[in-house]
Amino acid sequence: MQKWIGRGKTAYDRSVIPPSTDWPDKERPARFAPLPDEALDALVVVLDEVRFGRSRSRSELVARTGLGRAIVAQRVGELIERGLVAEDDVGPSTGGRPPRQLTFRADGGHILVADLGATSVDVAVTTLDGRILGHHDEPARIEAGPDQGLDRVDALFDSLLRTTQALPGRLWGIGIGVPGPVEFDSGRPISPPIMPGWDGYPIRERFAARYGAPVWVDNDVNVLALGEWRSGVAAGHNNVVVVKIGTGIGAGIISDGHLHRGAQGSAGDVGHIQVTDDRSVVCRCGNVGCLEALAGGEAIGNAGKVAALDGRSPRLLAALDQRGAVSAEDVARAASFGDAVAMALLQDAGRRVGSMLASVVNFFNPSLIVIGGGVANSPDQLLAAIRESIYRRSLPLATRDLLVQRSSLGGLAGVIGASSMVVDQLFSRDAIGAWIAAGEPSGAPGVT
Ligand SMILES: [Zn+2]
């Protein structure tokens, strides 16, 4: 593996970016008395209850968490004092004095996020509950390497910070999604097949040095799964598989109410499951017979090109003549106009993805499968074929209450998910202990 050392790019242009922190030059002093470990345990439980809207009052917190009334009152007081929870008088009245309603202060700070795909980049600035305050997307080639790709992200972040009106609080954290396997603890891509030059690249260190805020990096499919789970169609489900069909194919797994990253962070790499012995099906990972090499966006585009050259589809031939290539989007567009060849290509890809997912369903027993990614925005043929294959090939008990749905957040799922990743990590038991005394995470050492 190629090893990277610090790039020394710590210069932080204070004329461009609002000064959000003095870290790491000078740690900010503690504003609050430190909390003992057992208080922190309960603080995280109470904060999560309020943050996810499960409890809106002290009595609901007592009933739902099993914590004593005095403990709940103390923790709520600490959260209000630290600006993480607010209290107002708008709770539903039950006859007597209206109950005071507890809400999460999502405007305590802001989060910067970037979702890097194989052929695009999305950046956004959000509140602490994932509400998008500013967003920009543009074509980008991940294969151009980390220096070019991340310099562009820096420029887009700077532009967002400059142009977004009424940015709340300071910068609390940065979230980055990349289209390849990531070692989550270090925030580094590990042998990513479609990201030449990125192997072991210190993405976290680079952004932390520039912005002085904690940084988390994950693969784009985990980020997509978090977005759908926190804010999309998967909300309320505890066992979910989110499949992304873009240039490649991957899956994010919510297992028993947690994102399951696996021992090395490579869980859900379903695109490289072998589905054929045909040695002519060569995958970009170096193996033969991978699902992705038959049903991924690139494979669909290539099959469309063959059909165009064979004279089987005038519509795909027109796309080829126009741009010199056929993409999965061209196939999807042709299918939406009723092109029989394009429809058959999507059905074939859908059947192959569905057949793989049937094995996943038998193994994992999810209550919901979400189909997302650029190719999934295609007409119904793809989703119908996926559904049909799953139900036909899975065990009846596993599919009895199984739902298969399209992504509900569309192109914004990645940035919303990256924001959720950062906030979940900031409010995790380990991280909050490192910054709660300082009042906010930027500037506090040891958060990541
Ligand atoms: Zn492969």
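How are α8 and α9 oriented relative to each other, roughly parallel or roughly perpendicular? Keep that in mind as you go through these points, and remember that this is a predicted model.

1. Let's take the opening question. The axes of helix α8 (residues 297–309) and helix α9 (residues 314–323) come within 8 Å, crossing at roughly 105 degrees. Angles from 65 to 115 degrees count as roughly perpendicular, so α8 and α9 are roughly perpendicular to each other.

2. Now look at who touches whom there. From α8 come Gly304, Lys305, Ala307, Ala308 and Leu309, and they meet Leu316, Leu317 and Leu320 of α9. Sorted by class, the residues of this contact are six nonpolar, one polar and one charged.

3. Another helix pair to check out is α1 (residues 37–51) with α3 (residues 69–81). They pack at an angle of about 75 degrees, and their axes are 9 Å apart. That makes α1 roughly perpendicular to α3. On the α1 side you'll find Ala39, Ala42, Leu43, Val46 and Leu47, which meet Ile71, Arg75, Val76, Glu78 and Leu79 in α3. The contact of α1 with α3 has eight nonpolar residues, two charged ones and no polar ones.

4. With 18 residues at 1.5 Å a residue, α4 should span 26 Å, and its end C-alpha atoms are 25 Å apart, which agrees.

5. Stay with α4 and ask which of its residues are buried. They are Pro146, Leu150, Val153, Asp154, Leu156, Phe157, Asp158, Leu160 and Leu161. An α-helix has 3.6 residues a turn, so residues three or four places apart point the same way. The buried residues of α4 pack against the strands β3 (109–116), β4 (120–126), β5 (132–139) and β6 (170–178), and against helix α5 (203–211).

6. Next, find glutamate 440, in the segment after α15 (429–435). Is glutamate 440 buried or exposed? Its relative accessibility is 10%, and the cut-off for buried is under 20%, so glutamate 440 counts as buried. Its side chain is joined to that of arginine 170 by a polar contact of 2.6 Å.

7. Serine 191, in the loop between β8 (188–189) and α5, isn't a glycine, yet has a positive phi of about 45 degrees. Asparagine 365, in the loop between α11 (340–364) and β13 (368–372), also has a positive phi, near 55 degrees. At 48% relative accessibility, asparagine 365 counts as partly exposed.

Key: Residues numbered from 1 in each chain as written. Predicted model: local features only at pLDDT ≥ 70, side-chain atom pairs only at ≥ 80, totals over all residues. Heavy atoms only, no water. Helix = DSSP H or I, 4+ residues; strand = E, 2+ residues; numbered from the N terminus. Expected span 1.5 Å × (residues − 1). Buried < 20%, exposed > 50% of the residue type's maximum accessible area, 1.4 Å probe, protein only. Contact = heavy atoms within 4.5 Å. Axes fitted to C-alpha atoms, helices over the stretch in contact; angles between N-to-C directions. Parallel < 35°, antiparallel > 145°, perpendicular 65-115°, else oblique. Nonpolar A, V, L, I, M, F, W, Y, C, P; charged D, E, K, R; others polar. Polar contact = N/O pair within 3.5 Å; in protein donor to acceptor, adjacent residues only side chain to side chain.
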